[in-house]
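Q: I would like to go through this protein step by step. Could we begin with a term that will be needed for the strands?

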Amino acid sequence: MPLRSRAPIQSTRQCGIPSFASLMALNQPAIAMGLLVVLVLAAMAQVAYCAGGGTTQNYREALAKSILFLEAQRSGVLPASQRVGWRSNSGLQDGKANGVDLTGGYYDAGDNVKFGLPMAFTVTMMSWSVLEYGGQMQAAGELGNALEAIKWGTDYFVKAHPEPSVLYGEVGDGDTDHFCWQRPEEMTTSRQAYRLDPQRPGSDLAGETAAAMAAASLVFRRSNPGYANLLLQHSKQMFDFADKFRGRYDASIPVARKYYQSVSGYSDELLWAAAWLFQATDDRRYLDYLANNADAMGGTGWSTAMFSWDIKYAGVQVLAAKILLQGRAGAHAAVLQRYRQKADFFVCASLGKQGYGNVKRTPGGLLYHMQWNNLQYVTSGSFLLAAYSDSLAAARQAAVWCPAGPASPAQIMAFAKSQVDYILGSNPRATSYMVGYGFIYPLEAHHRGASIVSFQSNPSFVACKAGYAIWYPRKGSNPNLLDGAIVGGPDENDNFVDDRNNYQQTEAPTYNNAPFMGVLARLAAGGRLDRSIPDGLDNQTSVAPSLSAAGDQGVHASPIVIEQNATASWTEKGRTYRRYAVTVTNRSLNKTVHELFLGIDKLYGPVTGLDKKRYGHVLQGTAPSVPAGGSVTFEYAHAAPPANVWVTGYKLV
């Protein structure tokens, strides 16, 4: 019986063991004997964590559950192999009003909408997980389940792409869906389908779907070559459509903007798709695209430690670095080396070795990016660290050279493992953030289907508002176990409230799990790295000779220079305040800086001339840019030394 808690537990690394009385207060519904067992196990886990040793995780079990969760998210006619027994068929009329069959695919999280962008990213990352660690999945007995999960998504994408320049990007909409709390099997909300075409472009969504199809084609190349070729054909058409008719998908499908806004734009997805198409085809045209657009699309301008359904730059950079390390860069080695420098930034910032732009951590050591579903960045980041670490080791690279010291492949992998272990329960709360795994895990996941009695056991109709009146506020565990779901996770202080209404922490999207599959498979194999390709897979892994020290360390200077000067000072209430003017100069000879993002840290006062966005601060104005040789200035004031200011991302055109 898992231990549940409604109130947050204040946690620090120097933690103590909760008293029996305090835990009893958090677990009133529990049966006394079962509670006692859980308390003992929980105390043992917390003792191990507080002693600095952590706990031993069963990565194979976690891997199995991480894949199982995807079956709870299925839409359409469920197959005979369906293992999540409380789910039934749903969305059987999807696409009918548009004259196309759009049954199948995945619901994104706790609602009943099929959002195309996060679904495509989910499939891309499941495919990459299999391509990197399919051998380990096969050894764990989970490869077949992983392949079935990928195909459930790609089968839907084939249906959603009925013409070369048409892609159905969403079924249902968040506004009407959030108005009701219903099981997917009986939802009465809108099932309108939204499409992209030359008049309504969506390069980000089409590009991500092209990446998903290309990566999946590699997965099925040997086991199902006909299907792999079909996916590759769709991928090529989708990429051409995305590149020729450029635009943000949420401008063409505005109902998606409130839920999955394309903040990073579409350039990262075009580079991402090109990288995957090169992997799938070995066609130099796609490598040329990746290299020739490195500046203009931000591939070598972005320095970020965030990787998600929206922002793909770090993933592109790791893929480009892998191509370089495998000796496949050809004439583009210099450009791919610049991509690799950005992949190194991802590593250094994640490990706290960058000096500026380091990712914040909770007191318990978890990477912390934002309040809402922070674990999406931790699972995707852990996968990138693991994959890059193994690529460095395979190419016999000694380390990533960070400003605060080197990070060896073993150290990078160890840090990725620490993040996985935190999610699985090695944390100050001794709580697993994977539902159904460990001694203590969330019981009130924000999820329509899991929170209402199973349609299988009680098909009595639950009306739109009845769900909100009866099931949503219900105190206690969800009637259906959302096994394997990774919820949004704790806040910046390691606190977590297991409450269905706390959607920022308890909702579980598919894209939390997809990259986690890969790193769990890697860890399940222990120290052994099996690079053999199991039947049905082709991960195109090769080992290149070690790069020369000079080539490995080469630094490409940024054209952007930042200068800070104190312009005024005054004393107020015994504190000395200073106003700083920050000048950002584009030293390029003939190219303009567009879409400039700045990172700012240790800022304790107001700033003028900038706006705060998801990935940093941006210049004010409708289309801000910095011409060649030009400068822009912004100001801030505080009673402290100068803030840290650096470039997070830009495009150079």
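This is a predicted model: local features need pLDDT of at least 70, side-chain atom pairs count only at pLDDT 80 or more; totals for chains, interfaces and linings use all residues.

Q: What lies between strand 8 and strand 9 in the hairpin?

A: The hairpin has 2 residues between strand 8 and strand 9. Lys573, in the turn, has a positive phi of about 55 degrees.

Q: Which residue in strand 9 is the bridge partner of Asn565?

A: The bridge partner of Asn565 is Ala581. Ala581 also stands opposite Glu635 in strand 15.

Q: Then how many bridges pair strand 9 with strand 15?

A: Strand 9 (residues 575–586) and strand 15 (residues 631–638) pair over 8 bridges, in the antiparallel sense.

Q: And in what order do the strands of that open sheet come?

A: The order is 8-9-15-11, with 4 strands in the open sheet and antiparallel pairing. Strand 8 (560–572) and strand 11 (607–608) stand at the edges; each has a single partner strand, so one side of each is left without a neighbour in the sheet.

Q: What holds strands together in general?

A: Strands of a sheet pair through backbone hydrogen bonds, and the pairing is either parallel or antiparallel.

Q: Turning to the open sheet of 3 strands, what is its order?

A: Its order is 1-2-3, and the pairing is antiparallel. Here strand 1 (114–115) and strand 3 (193–196) are at the edges, and each has a single partner strand, so one side of each lacks a neighbour in the sheet.

Q: How many bridges join strand 1 to strand 2?

A: There are 2 bridges joining strand 1 to strand 2 (residues 167–171), and these strands run antiparallel. At one of the positions, Lys114 has Val171 in strand 2 as its bridge partner.

Q: New topic: helices. At what angle do helix 4 and helix 7 pack?

A: Helix 4 (residues 116–139) and helix 7 (residues 203–219) pack at an angle of about 25 degrees, and their axes are 8 Å apart. Angles under 35 degrees count as roughly parallel, and helix 4 and helix 7 are therefore roughly parallel to each other. Helix 4 passes helix 7 in a left-handed crossing.

Q: Which residues meet there, in helix 4 and in helix 7?

A: From helix 4 they include Leu117, Phe121 and Val130, and from helix 7 they include Leu205, Ala212 and Val219. The residues of this contact between helix 4 and helix 7 divide into 13 nonpolar, 4 polar and 2 charged.

Q: Is helix 7 roughly parallel or roughly antiparallel to helix 8?

A: Helix 7 and helix 8 (residues 225–244) pack at an angle of about 155 degrees, with 8 Å between their axes. That makes helix 7 roughly antiparallel to helix 8, since angles over 145 degrees count as such. The crossing of helix 7 with helix 8 is left-handed.

Q: Which residues meet in that contact of helix 7 with helix 8?

A: Among them are Ala206, Met213 and Ser217 in helix 7, and Leu231, Met238 and Phe241 in helix 8. By class, the contact of helix 7 with helix 8 has 12 nonpolar, 6 polar and no charged residues.

Q: Finally, what pLDDT does the protein average?

A: The protein averages a pLDDT of 89, and 87% of the residues score at least 70. Over residues 16–38, however, the pLDDT is below 50, and this stretch has 26 contacts in the model beyond near neighbours in sequence. Residues 528–555 also have a pLDDT below 50, with 72 contacts beyond near neighbours in sequence.

Technical notes: Residues are numbered from 1 along each chain as its sequence is written. Side-chain values use heavy atoms; hydrogens and water are left out. pLDDT is the predictor's confidence in each residue, from 0 to 100. Contact means heavy atoms within 4.5 Å. Axes are lines fitted to C-alpha atoms, for helices over the stretch in contact, and angles run from 0 to 180 degrees between N-to-C directions. Angles under 35 degrees count as roughly parallel, over 145 as roughly antiparallel, 65 to 115 as roughly perpendicular and the rest as oblique. A crossing is left-handed if the near helix is turned anticlockwise from the far one by less than a right angle, and right-handed if clockwise. Ala, Val, Leu, Ile, Met, Phe, Trp, Tyr, Cys and Pro count as nonpolar, Asp, Glu, Lys and Arg as charged, and the others, Gly among them, as polar. Two strands pair if DSSP finds at least two bridges between them.
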